[in-house]
Amino acid sequence: MRRYGKHTDEDDIRSRPNRRGNRPRTHIRPKHEDAAEGMVLTVDRGRLTCLVEDRVVTAMKARELGRKAAVVGDRVALVGDLSGRKDTLARIVRIAERTSVLRRTADDDDPYERVVVANADRLAVVTALADPEPRPRLIDRCLVAAYDGGLEPLLVLTKSDLAPPDKLLELYGDLDIPYVVTSRAELESGEAVERVREQLDGRITAFVGHSGVGKTTLVNALVPEERRRTTGHVNAVTGRGRHTTTSALALPLADAEGWVIDTPGVRSFGLAHVDPSRVIHAFPDLEPGTEGCPRACSHDEPDCALDDWVAQGHADPARLYSLRRLLAARERTDGD
């Protein structure tokens, strides 16, 4: 073994090579000023399909982004091969700040929130009036998630030929939520599709609903088959296209400016991440009345200042009831 004395020359010292290469480590990240802008259309096992100008490009997330994940609807910056040709791969190097976020948790005890969609303008809550029966508590939870994430809600009620919509619409009348009522015959004729398209024109709209309500049928009618083939993902191993509702998928509207984001059918919609102070922003007539509330007020407790605010005639009592019903949905199960 070689031993070194006091006056060892530096040239005698052997430096241990870096197994990952000899480039010095740095915390300075590349700026990628030449990166192209794109939109994430779908995510599948680490591969992201993005729209860059008029090309569909497959990409992966750059290591420098760390744990920050891109989701459907994200605006991203990409470098690398942006041709969109088969077997090419680009790299996402930046994720732009989001204007809205649709989040959910697996259940109300799950502290881990999942971002489902980013940058959507609207959340279309699709529910059948019969077969299956409506689930108002699940609708309430979807509305809370929309208000919390900065999305404008839209109710799409299907199968009106099996049951009238009046009772359900009355339940949400005080919330002033826009709605569209459709029947099977109207979907087949295209009349209902046109009414829905009018609500979506110029917007990015995420569709949510549980199985059997007709969500995917409606999305299929809104987006022509050739656009689905162009935008949808094909598994590189099996060569088969994935069912569009096994993961979120953004699709361009037909005969209109806008996007539809089809999301997987939900059995539950956990709201463990929701802060009541954010939901109140969707009630501008009630929000000024919260100035006298105690800190961290749930807006459904004896000391809540909203009771006096409404009693003084500043807002309709029905609006306060609607707010508290939605906030209470965070504490209930999604069952009927």
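**Buried charge, salt bridges and a cavity**

Aspartate 262 has a relative accessibility of 0% and therefore counts as buried, where buried means under 20% relative accessible area, exposed over 50% and partly exposed in between, with a 1.4 Å probe and protein chains only. The structure is a predicted model, in which local features need pLDDT of at least 70 and side-chain atom pairs count only at pLDDT 80 or more, whereas totals for chains, interfaces and linings use all residues. Residues are numbered from 1 along each chain as its sequence is written, and side-chain values use heavy atoms, with hydrogens and water left out.

Aspartate 262 lies in strand E13 (residues 258-262); helices (H or I, at least four residues) and strands (E, at least two) are DSSP runs, numbered from the N terminus. The side chain of aspartate 262 is joined to that of lysine 215 by a polar contact of 2.7 Å. A polar contact is a pair of N or O atoms within 3.5 Å, of which, within protein, one must be able to donate a hydrogen and the other to accept it, and residues adjacent in sequence count only if both atoms are side-chain atoms.

Side chains of opposite charge can pair when their charged atoms come close. Across the whole structure, 18 salt bridges are found, each a side-chain nitrogen of Lys or Arg within 4 Å of a carboxyl oxygen of Asp or Glu. One of them joins aspartate 74 and arginine 98, at 2.8 Å from N to O. Because aspartate 74 lies in the loop between strand E3 (55-61) and strand E4 (75-80), and arginine 98 in the loop between strand E5 (90-95) and strand E6 (101-104), the pair ties together parts that are 24 residues apart in sequence. Aspartate 74 is buried, at 0% relative accessibility, while arginine 98 is partly exposed, with a relative accessible area of 26%.

A salt bridge is also found between the side chains of aspartate 131 and arginine 184 (3.7 Å, N to O). Aspartate 131 belongs to the loop between E8 and H1 and arginine 184 to helix H3 (residues 184-189), so this pair ties together parts that are 53 residues apart in sequence.

The search of the whole structure also finds one cavity of 30 Å³ or more, a cavity being a set of points on a 1 Å grid over the protein atoms alone where a 1.4 Å probe fits but cannot get out, with lining residues having an atom within 4 Å of a point. The lining of the largest cavity includes Val125, Arg135 and His210.

How values were computed:
1 Å grid on protein atoms, 1.4 Å probe; cavity = no way out; pocket = protein on both sides within 12 Å on 5 of 7 lines; lining within 4 Å. Points joined across faces, edges and corners; volume = space filled by probe spheres on them.
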